[in-house]
Amino acid sequence: MTTKILAVDDSRTMRAMIQTALTDAGFDVDLAEDGVDGLDKLSGSDPDLVITDINMPRLDGFGMIEGVRARPECASLPILVLTTESGEELKQRARTAGATGWIVKPFDAEKLVAIINRLVV
Amino acid sequence: MSDLRDMFFEECDDLLEVLSTGLDDLQNETSDAETINAMFRSVHSIKGGAGAFGLDRLIKFAHAFENVLDDLRSNKLDVDPTITALMFSGFDHLSDLVDAAREDNDLPDSDGAAVLAELKQTTQNANGGSGDDEDDANEVSEDDFVALTLDIGLDLGGDDEGPGDLLGLPTLSPAADGATYYVVTFKAEPVLYARGHDPALLFRALGEMGDLTVAADRSEVAPLESLQDAPAAISWTLTLRPDDGIDESAIREIFEFVEGQCSLTISETVAEDEPEAPEPAPAPVEEVAAAPVNTAPKPKAKAPAALTKTEKQEAKGGDGGKKSSEPRNSTIRVDLNRVDRLINLVGELVISEAMLRQSMNELPVSANSAVSEAIGQLKTLSGVLQESVMAIRAQPVRGLFQRMSRIVRESSRQAGKTSRLVMVGEATEVDKTVTERLVEPLTHMIRNSVDHGLEKAEDRVAAGKPEMGTIKLEAAHRSGRVVISLSDDGAGVNRVKVRQKAEEKGLVRPEDDLTDSDIDNLLFRPGFSTADEISQLSGRGVGMDVVRSEIQALGGRINLQSEPGKGTTITISLPLTLAVMEGMLIEVAGESLVVPTVALRETLQPGQANIHDFCDGDRGLSVNDSMLPIVDLGEALGFRTPLDDFNNQSLLLIEGESGRRSALAVDGIVEQREVVIKGLEQNYQSIPGIAAATILGNGKIALIVDTDQMIPSPGNGNPGLRKGSELAEVNSYV
């Protein structure tokens, strides 16, 4: 079965870039525009991995991660943070919230795919 | 990539708009906490995208800008006129940088230098003089940005080996060669699994740093009956003979993101003898993986074990936690031509089904027979099938709306006005062809709104309106149709002037009694243009008549409502699909015709008393105190000579776009039904009075009446339809 990824980012350029990179790599990609949208789409999408931005309207990445972890069926779902932020403090917050990994934008498509392959295979 | 680049710049436009709206709110003191947040995110997103495209100068500037906004949102800075002014300058320069990057131009170095310096200084002051300006500006320089920071520490190089290769350990018995070894002990806390980590993957990453042996100590694993968190109860000892250049910090990096979620020791040893030989990895695979399937739900496939992909999926499947059997909401890309072919075929199927049903009715078959039931089912199925197929072509109007935001900005700039676009209901789904064909009409309409609708800034202020005009695009589904409306908060239609011009052009007569709405809708009449409104932007009246015919070609209606001083709203109502419509099958002079249900208001069998003769041969129907013109359809389409009376006729009350009505006299009403629309223009060009055709259940062709052309309007009369010579000829084809 194809690996399904839910990518959450408020920038549509970024969403398109993620989608292109991941679709080309053979993943199924669902997109969401912010944390609220992401959590809304979580059940329907049933992803194998979540990628989320940090700075987003309505519900930011930290809230998104906490929301995912609050669902029993997503307790061990890998969540990658993909952001331009690189501060240690923010990383720690993400970790505490339950993030699996942290990738700093801009991302290299091949590397992103490599990382995902290692988290979901 | 160039598509993405285009998309990025389009998004920049939108982000700049958010920023500009926020700035206005700040200036007007209508801002709240979210205003600054939204502004921050806009600049932040521009920076992020700029990073992806290596636009250094944009990155740097956006970064400095973002820092000031960050200070504002964390209350290190207060909004005051100086800051607002600085941010307006920042906005301008940011826009310039975006434009320059879009055109691949380079701005002179001096441009924006002062603003940049001031932004940096502001951040520095806000942060007690230290600031992060230089450091952070460097941080976002291209060099740093290219590097992929990866805190999960997975080694990115190397071939992708299957998990079995890596974890079917031991892979090597370390030789006693005096080489350096790292011995890593690792025991996961349950929380590690809860954060989506999988030790197997960590080990695999470690395995890519050299030769690795893995041993598991399962002594703490509880017996099957009381098993919980089995993987967390396993301690692992990993022995790595590192490749060149791998040191302890590289190893620590792998575990960086699981820090605090496991007990971890890393020690370096130099092997003189065989290194402390881990017991041969005793196939933890089957045992760990198999056990949880029937017991604890959580460990499942996350057990650090060398499952092959299939095994792992089975483990997932057998586990109650993950609903892998549920259908997934996945997407595929399909050639549009294939979809269209499918839609056509389904259309034909619906027709065949109707033909079959009709033939059935003529047979002596009981309605309860198996055949009738089966055919009933076929009808239901083909209906659902048709709906499903149509849904494939549906897409949100968001893309269309977003294109329009740019039109608003550009036309505002050209017209020297400030305006913003508000979008509502962007998620509304419409047939793809419809959205594509709406681009031009909407562009026209928006240019018109900005150019003619919105007043000049000083006039707005004088009228007590905000200087910035608002254009609103709204989409919604309403009773089986899509309604798209465009409104502006401008001055509204100048009815005196419009009427005057229309009279000058001979479109209406001075004695015509026109309602406000009639006057407003004169704007859609061919040849209408108020000459002193010519401008570079919208040209001569911008052919709102063209807009209307485009909309009508889509099976849509367009209507304009205007309130003096308040603004104008143009409403477009479109069918959900172009392929099917609801129609009333009627008979006229032995011909079958279809009248679109959307235009139909009422059907009547009039008494003679309600019909009035006028001197020029026209006849009218009095309904509810108003007089409607009666149009004899058979005569209008050239099927026959005028009738002497309407005694045996049925009348269909129809209403057109303008809200005007007329009564269509027809010989008989057959039934209401869905018809598949077959265009005629390809074969017969445009035929007055006829919109399209359809194929009936009996295989015969019925023409679909263009109701708008059947409604006489002021100055328009009955638009030349009575002669019908053209039609008579066309009719012979059918």
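Colleague: Among contacts in chain B between residues at least 6 apart in sequence, what share joins residues at least 24 apart?

Modeller: Two residues are in contact if their C-beta atoms, placed from the backbone, lie within 7 Å. In chain B, 69% of the contacts between residues at least 6 apart join residues at least 24 apart. For chain A, 59% of the contacts with a separation of 6 or more come from residues 24 or more positions apart. This is a predicted model, in which local features need pLDDT of at least 70 and side-chain atom pairs count only at pLDDT 80 or more, while totals for chains, interfaces and linings use all residues. Residues are numbered from 1 along each chain as its sequence is written, and chains are lettered from A and ligands numbered from 1 in the order in which they are written.

Colleague: What percentage of the residues of chain A count as buried?

Modeller: Buried means that 20 or more other C-beta atoms lie within 10 Å of the residue's own (12 or fewer is exposed, in between is partly exposed; C-beta atoms are placed from the backbone). In chain A, 60% of the 121 residues are buried. In chain B, 39% of the 734 residues are.

Colleague: Which residues touch the most other members of the largest nonpolar core?

Modeller: Such a core is a set of buried Ala, Val, Leu, Ile, Met, Phe, Trp, Tyr and Cys residues joined through C-beta atoms within 7 Å. The largest one has 67 residues, and A:Ile5, A:Ile51, A:Ile103, B:Leu206 and B:Leu238 touch the most other members. Helix 10 (residues 199-207) of chain B gives the most to this core, six residues. Beyond its neighbours within four places in sequence, B:Leu206 contacts B:Leu212, B:Leu238, B:Leu240, B:Ile251 and B:Ile254. Another core, of 43 residues, lies apart from it, with B:Val588, B:Val594, B:Ile677 and B:Met710 among its members.

Colleague: At what angle do helix 17 and helix 21 of chain B pack?

Modeller: Two packed helices are described by the angle between their axes and the distance between the axes. Axes are lines fitted to C-alpha atoms, for helices over the stretch in contact, with angles from 0 to 180 degrees between N-to-C directions. Helix 17 (residues 432-453) and helix 21 (residues 544-553) of chain B pack at about 150°, their axes 10 Å apart. Helix 17 of chain B is therefore roughly antiparallel to helix 21 of chain B (under 35 degrees is roughly parallel, over 145 roughly antiparallel, 65 to 115 roughly perpendicular, the rest oblique).

Key
Helix = DSSP H or I, 4+ residues; strand = E, 2+ residues; numbered from the N terminus.
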